[in-house]
Amino acid sequence: MLRINNIEYSYEKEKQKYQYDFSLKAGETIVISGVSGVGKSTLLDIIAGFLTANSGEIILDKIKLANLAPEHRPISILFQDENLFEHLSVEKNLGLAFSKAIIDKEKIAIALKNVGLMGYEKRWAKNLSGGEKQRVALARTLLRNKPILLLDEPFSALDKKTAKDMRLLVKNLVKQYKWHTIVVSHNIEDAVELNAKNYIMKNGILKKT
Amino acid sequence: MLLTKGIIASQKRKIIMLIIALSISAFMTLLFFSIINVGNIFASNTAVIKIDILQLILMSLMQASLTTILSLSAGIAIAWALNRLEFFGKNLVVSLFATAIVAPAMVVAFGLISVWGRAGWIAQLLEFFGLSWNFSIFGLGGILFAHTILNGAFAAHILLARVDAIPARKLKSAQSLALTPFKRFILLDWAAISGALPALGSIIFLLAFTSFPIVLMLGGGVANQTLEVAIYSAVRLSFDLDLAVKLSVIQLVLCMIIIFPAIISNSNLANAGVNYSYKWQQKGLAQFTQIIILVLAVFAFALPLLAILIDGIAGGILDTLSRPSFWQASFTSISIGSLSAILTLILAVLIATGRAAFSNGILKAILGLPVFAYLVIPAVVLSLGFYLLSNKLDIATSTSAPFVLIIANSLLALPFAIAILAPAIETINYRYDKLSRSLNLSSLMRWRIVEWPLIGREIGIVLALAFCFSLGDLGIISLFGTNEFTTLPYAMYQSLGVYRSNDAAVIAAFMLILCLMVFWFLPVIFRKISNAKN
Amino acid sequence: MSFRFLIFILTSLFLNLSAKAQDAASLNIYTYDSFASEWGPAPLLKEKFEKTCNCTINFIPNNSSIGALRKIQLDGERSDADILLGIDSSIAAEAKASGLFAKHNVDLSNIKLPANWKSDSFVPFDYGYFAFVYNKEKLPNPPASFEDLIASNIKIVIQDPRSSTTGLGLVLWLKSVYGESANKIWQQLKPNIITITKGWSESYNLFLKGEADMVLSYTTSPAYHLIAEQDNRFTAASFLEGHYMQIEVAGILQASKNKQLANEFLSWLISDEAQIIIPTSNWMYPVADVELPMGFEGLIQPKNALILVDDLVQKNSNIWIEEMLSAFN
């Protein structure tokens with residue numbers, strides 16, 4: 001269970017205060033929708049550790065996350081783009097998921113199979129299509145298998161068909177691996193197809209719809 | 001194809017650029033020819049001192065290569081440190097490194113001696129602790145040291161912009177993947193800077209290869225001459241003009257070969273628009289190393305500049321400032337510098353916009369060559385060529401002096417001006433070319449509406465750069481200076497010649513302050529002006 | 001910058017430059033920087049001479065005496081030089097061989113030089129001795145000869161013989177003392193030499209900064225510090241072998257249209273009236289028998305004043321310079 005208890009944050013130069021308070025079970029997905037700039041991505045930054053909240057707690061199954069540096073938080077984060085290192089191969093990109101230097105090729109093969117990119121190991125990240133890149137990024141989260149999955153506009157750069165396929169893939173993986181999933185998106189279809197609870201930001205406060 | 005205004009604009013620009021490129025090349029050939037023709041007269045009279053050309057070339061190549069390697073390494077390390085650390089006064093430090101390229105080399109050489117010489121600050125400090133300072137600043141070691149400080153700072157400034165431009169999302173991805181500092185450097189930083197290294201390396205190589213005041217002052221004598229110094233000797237001392245031309249052509253060809261790949265590779269040295277909304281600082285050993293690197297770098301770079309300022313202030317400013325000759329030299333230097341800067345800007349804009357109109361990469365590179373050739377022509381050869389041309393055209397040198405100074409200094413600053421302006425204009429072109437053409441903008445309209453508002457800062461930098469180059473020139477004025485027509489470097493030299501080293505110190509400090517001020521304020525002012533018109 | 005301002009600058013530059021009144025009688029005297037600067041002898045000489053004649057004299061500075069010669073050669077027939085003033089006797093022969101100089105008709109019988117030097121093309125107007133200058137307080141035991149110097153750890157700074165007459169002076173000095181074995185001396189002197197600068201100015205500045213213990217300069221340099229700065233820490237080292245002389249001379253250009261005026265000027269230059277200025281403006285010894293200012297009496301007097309014959313110098317200076325340079329490669 002992931003609990004976000006009364007997290008408050010305001011940017012240095014702004015007056016707007018953002019408040020978040022909700023909880024999430026394993027395998028559950030929430031989608032936070034709204035126009036840009038209302039504080040959706042801010043929440044992700046806070047959970048990931050890139051920003052420090054002014055007050056409140058983040059608790060995952062009794063562990064307080066606030067004291068952990070971003071490198072050590074049990075999260076995987078996926079952005080709209082820039083998730084991969086363009087000049088590396090797919091295999092090398094996935095290899096970064098392992099903490100040791102040794103790459104487990106078998107696990108990589110399985111992960112790629114799970115995202116529908118079997119045999120893509122030696123391909124260059126630069127040469128992949130948008131959808132393929134996101135899939136590789138997803139494969140990496142598979143390999144890391146962290147309990148929390150944060151997605152920041154993950155499908156915005158994809159065309160309609162690919163986005164639809166990706167949503168299905170994410171839905172299945174989340175169900176299979178029981179990740180606490182938070183998706184930030186301005187697209188209505190995401191909430192629907194991911195079978196997720198829908199939240200919006202109203203005046204800086206996260207509210208369920 | 002309908003000849004719309006938009007298309008005509010593009011053609012016009014191409015033609016203007018072609019004309020300029022051709023004129024510049026023709027001009028250079030003309031200068032060389034004047035020199036060769038005169039050379040014959042002096043065959044019997046003057047000293048023909050043999051020099052080993054091959055050894056000279058090898059020496060220059062070795063020095064330049066070492067400088068390039070050291071400078072790039074230093075630059076990478078400093079950029080790395082600056083990107084990670086945040087501290088009060090960081091902007092000041094970054095601007096300081098930016099000035100590396102404009103500080104007059106002669107002045108910096110003196111500053112280096114003041115700090116690192118046998119009787120310098122470091123030596124005195126060590127003596128206080130009972131240690132002795134055995135490093136000789138004269139010799140190959142001294143040259144490399146000086147070059148690395150200057151070029152390393154320059155490299156750091158350029159590379160920092162690239163590293164700072166890494167998108168925030170990439171940083172966050174990498175951070176949550178818990179990349180080690182080493183992995184982070186390889187995957188993020190290196191990918192960002194490696195694109196700039198060929199061009200940056202070529203420029204540093206050329207600067208070191210043709211380095212003059214530093215090699216002259218710190219070379220320690222004759223063993224460490226570069227081709228440039230030998231050319232200077234051939235022209236001014238032994239008067240072996242044939243040799244001078246021969247060596248100049250060799251230098252030209254060698255350097256063109258070296259810089260050609262860099263021009264073609266189209267690597268971009270421009271500021272990619274720094275937009276860092278996220279800072280991923282490191283802790284522990286990595287941060288400690290960064291701090292050490294930064295402290296050493298600031299130390300090494302700022303100290304000589306500080307030495308010049310202090311020597312100048314201690315040298316009895318009031319005395320020097322009260323002399324009318326000082327103000328006359330200042331007036332001349334500032335006027336010539338300003339006019340030279342304006343000419344450089346105009347030429348650079350015409351060339352950059354013209355080049356951008358060409359879509360063929362190879363054609364672009366070839367057209368860029370004549371300009372870059374001036375990076376390589378020794379100032380003394382340029383000056384001699386102008387002098388002889390002036391004679392041939394029956395113009396008294398005292399009349400032609402200001403014009404020669406303005407034109408020659410512009411030509412010498414042009415390569416840098418283009419290196420700064422071209423990437424910005426290419427980017428604008430890439431974005432707005434089709435739009436401008438479809439809106440049927442004439443060349444001038446396009447300049448006023450599209451280009452001018454967006455490159456205010458770059459224009460300021462170009463003006464400042466050209467001004468500072470002109471300010472520090474000693475090569476061209478040496479043949480054209482008279483009692484009525486002196487510039488600050490000339491006055492500085494004169495002071496040294498009459499035992500008045502204090503005066504020289506004050507002039508040096510004044511030049512440095514002038515350059516720093518111009519370099520800090522012009523870009524800001526021009527950005528405001530060009531944006532205000534928007 | 002507005003257009004009008006631009007025009008203003010250009011015009012003022014123009015006016016400034018063409019302000020020199022072209023009198024019926026005027027003399028263009030090419031000389032080296034420091035001579036023509038506001039600190040050198042030129043302003044006083046100009047003032048005094050113009051009182052006696054109805055003419056204008058212009059001292060035109062160049063960055064060295066050799067540079068002045070080169071400029072005249074470069075200008076060829078266009079040269080507006082009437083007199084070349086300030087070249088060293090050691091390049092006088094080369095200058096003469098260029099054919100650019102006319103014979104003068106100045107009476108040299110009254111000048112006094114420690115060594116015999118006469119020429120029909122050039123008029124000597126001051127002289128000095130090359131010597132190594134040092135700071136008494138920093139160097140309590142100065143060397144008394146080249147051998148002493150070589151055997152010590154003393155750091156010296158010298159000049160390039162191709163660009164500086166002082167540098168050339170050292171080459172000739174060693175040659176006149178050691179003849180054939182001068183090369184060996186250069187080899188042995190190498191470790192003492194910190195750097196070789198292009199001109200005397202840089203060397204002296206380095207010495208004043210403390211980078212070198214001794215600098216190749218003149219026996220008269222300490223007089224500057226003593227008289228102009230009231231600083232008595234500097235002095236020259238007296239060498240047993242003797243010191244080479246630098247005799248500064250002036251010559252009239254063949255192409256000059258004012259030869260008579262030029263001759264008059266040169267005659268006046270060696271008169272008492274002109275010579276009395278020399279010691280405290282050029283910091284050299286006068287060739288006329290005038291009283292030396294206070295402070296000059298403390299300068300070292302070389303026992304031997306060395307000088308090589310002009311022709312010998314002209315024939316061999318290139319070879320000797322090459323020998324010296326090759327000792328450093």
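Reading helices and chain contacts

User: How many residues does helix α16 of chain B have, and what span does it reach?

Analyst: Helices are DSSP runs of H or I with at least four residues, numbered from the N terminus, and the expected span is 1.5 Å times one less than the number of residues. Helix α16 of chain B (residues 361–376) has 16 residues and reaches 23 Å from its first C-alpha to its last, close to the 22 Å expected. This is a predicted model, in which local features need pLDDT of at least 70, side-chain atom pairs count only at pLDDT 80 or more, and totals for chains, interfaces and linings use all residues. Residues are numbered from 1 along each chain as its sequence is written, while chains are lettered from A and ligands numbered from 1 in the order in which they are written.

User: Where does α16(B) bend?

Analyst: A bend at a residue is the angle between axes fitted to the seven residues ending there and the seven starting there. In α16(B) the bend is about 40° at B:L369, and the proline B:P370 follows within four residues.

User: Which pair of chains shares the most contacts?

Analyst: Two residues are in contact if their C-beta atoms, placed from the backbone, lie within 7 Å. Of the 2 pairs of chains in contact, B and C share the most contacts, whereas chains A and C do not touch, their nearest C-alpha atoms being 39 Å apart.

User: What joins chain B to chain A?

Analyst: Here 12 residues of chain B are in contact with 13 residues of chain A, and α7(B) gives the most to the side of chain B that touches chain A, with 6 residues.

Methods
Helices (H or I, at least four residues) and strands (E, at least two) are DSSP runs, numbered from the N terminus.
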